[in-house]
Amino acid sequence: MSNTAVNVFGNQKLEPYYEGVPHPEMSVKLPVSVVYPRGTVLGELTATPGTFSAYASANVDGSQFPKAILSFDVTTDASGNAMIAGLAPFGLQAATPTAPAYFAGAFRCEDLKPTGPGALDAGAIAGPYMKIINGTITAGVVELL
């Protein structure tokens with residue numbers, strides 16, 4: 001018997017921290033040619049409703065308002081097709097026009113993207129879309145409302 005795992009998946013899904021809090025998940029369109037890790041905070045682009053980009057409080061394109069959190073590591077190609085990292089070699093998913101993201105729920109801050117565009121920051125929790133349930137933005141629990 002082999003000691004090597006047969007089914008190895010390179011990508012784990014971001015899971016909500018509290019089960020009692022509703023955590024609806026829907027598919028979102030992402031910009032072309034981007035690579036986002038799971039836990040990336042997303043904002044909706046006002047110029048192209050339904051398309052979500054990495055949140056940044058300094059943006060002025062709509063993505064300055066955190067509205068969703070990406071569920072998986074995702075890469076998009078030049079056509080905007082999304083590929084969930086780690087699943088394609090096993091034939092589980094082909095490139096699709098959308099990727100799954102949470103629109104509500106409670107998440108450990110440590111599970112979200114730590115730095116750069118799409119990272120949780122003080123601006124994200126200062127607005128009406130997110131709040132800290134306990135702890136801090138680096139070691140706590142945040143709720144996407």
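This note goes through the predicted model point by point, from its overall make-up to single residues.

1. Basis of the model. The model is predicted, with local features requiring pLDDT of at least 70 and side-chain atom pairs counting only at pLDDT 80 or more, whereas totals for chains, interfaces and linings use all residues. Residues are numbered from 1 along each chain as its sequence is written, and side-chain values use heavy atoms, with hydrogens and water left out.

2. Secondary structure. The chain holds one helix and eleven strands, where helices (H or I, at least four residues) and strands (E, at least two) are DSSP runs numbered from the N terminus. Along the sequence these elements follow the pattern β-β-β-β-β-β-β-β-β-α-β-β.

3. Five strands make up an open sheet whose order is 1-8-5-3-4, with antiparallel pairing; two strands are taken to pair if DSSP finds at least two bridges between them. The edges are strand 1 (25–28) and strand 4 (52–54), each of which pairs on one side only. From one strand to the next the twist averages 45°, with axes taken as lines fitted to C-alpha atoms and angles running from 0 to 180 degrees between N-to-C directions. Strand 3 (residues 41–44) is joined to strand 4 in the antiparallel sense over three bridges, and within this pairing Glu44 has Phe52 of strand 4 as its bridge partner.

4. Strand 10 (residues 130–135) and strand 11 (residues 140–144) pair in the antiparallel sense over five bridges, forming a hairpin with four residues between the two strands. Gly135 stands opposite Gly140, which belongs to strand 11.

5. Of the 145 residues in the chain, 41% are buried, the classes being buried for under 20% relative accessible area, exposed for over 50% and partly exposed in between (1.4 Å probe, protein chains only). The chain exposes about 7,500 Å², of which carbon and sulfur atoms supply 59%; the areas come from the Shrake-Rupley method with a 1.4 Å probe. Among contacts (heavy atoms within 4.5 Å) between residues at least 6 apart in sequence, 61% join residues at least 24 apart.

6. Nonpolar cores. A nonpolar core is here a set of buried Ala, Val, Leu, Ile, Met, Phe, Trp, Tyr and Cys residues joined through side-chain atoms within 4.5 Å. The largest such core has 16 residues, and Leu30, Leu42, Leu70 and Val74 touch the most other members. At least two residues of this core come from each of strand 4, strand 5 (68–70), strand 7 (82–84) and strand 8 (99–102). Leaving aside residues up to four places away in sequence, Leu30 touches Tyr36, Leu42, Thr51, Phe52, Leu70, Val74, Thr76, Gly80 and Ala99. A second, separate core of 13 residues includes Leu14, Tyr55, Ile69 and Leu120.

7. Salt bridges. The whole structure contains three salt bridges, each defined by a side-chain nitrogen of Lys or Arg within 4 Å of a carboxyl oxygen of Asp or Glu. In one of them Glu25 is paired with Lys13, with the closest N and O atoms 2.9 Å apart; because Glu25 lies in strand 1 and Lys13 in the segment before strand 1, the pair ties together parts that are twelve residues apart in sequence. Glu25 is partly exposed at 32% relative accessible area, and Lys13 is likewise partly exposed at 30%.

8. A loop-to-loop pair. Arg38 and Asp73 meet through their side chains in a salt bridge of 4.0 Å, N to O. Arg38 lies in the loop between strand 2 (35–36) and strand 3, and Asp73 in the loop between strand 5 and strand 6 (74–76), so this pair ties together parts that are 35 residues apart in sequence. Arg38 is partly exposed with a relative accessible area of 28%, and Asp73 is partly exposed at 21%.

9. The remaining pair. Arg108 forms a salt bridge with Asp111, the closest N and O atoms lying 3.3 Å apart. Arg108 has a relative accessible area of 32% and is partly exposed, as is Asp111 at 30%.

10. A backbone point to check. Most residues other than glycine have a negative phi. Ser33, although it is not a glycine, has a positive phi of about 55°. Ser33 is placed in the loop between strand 1 and strand 2, and it is exposed, with a relative accessible area of 53%.
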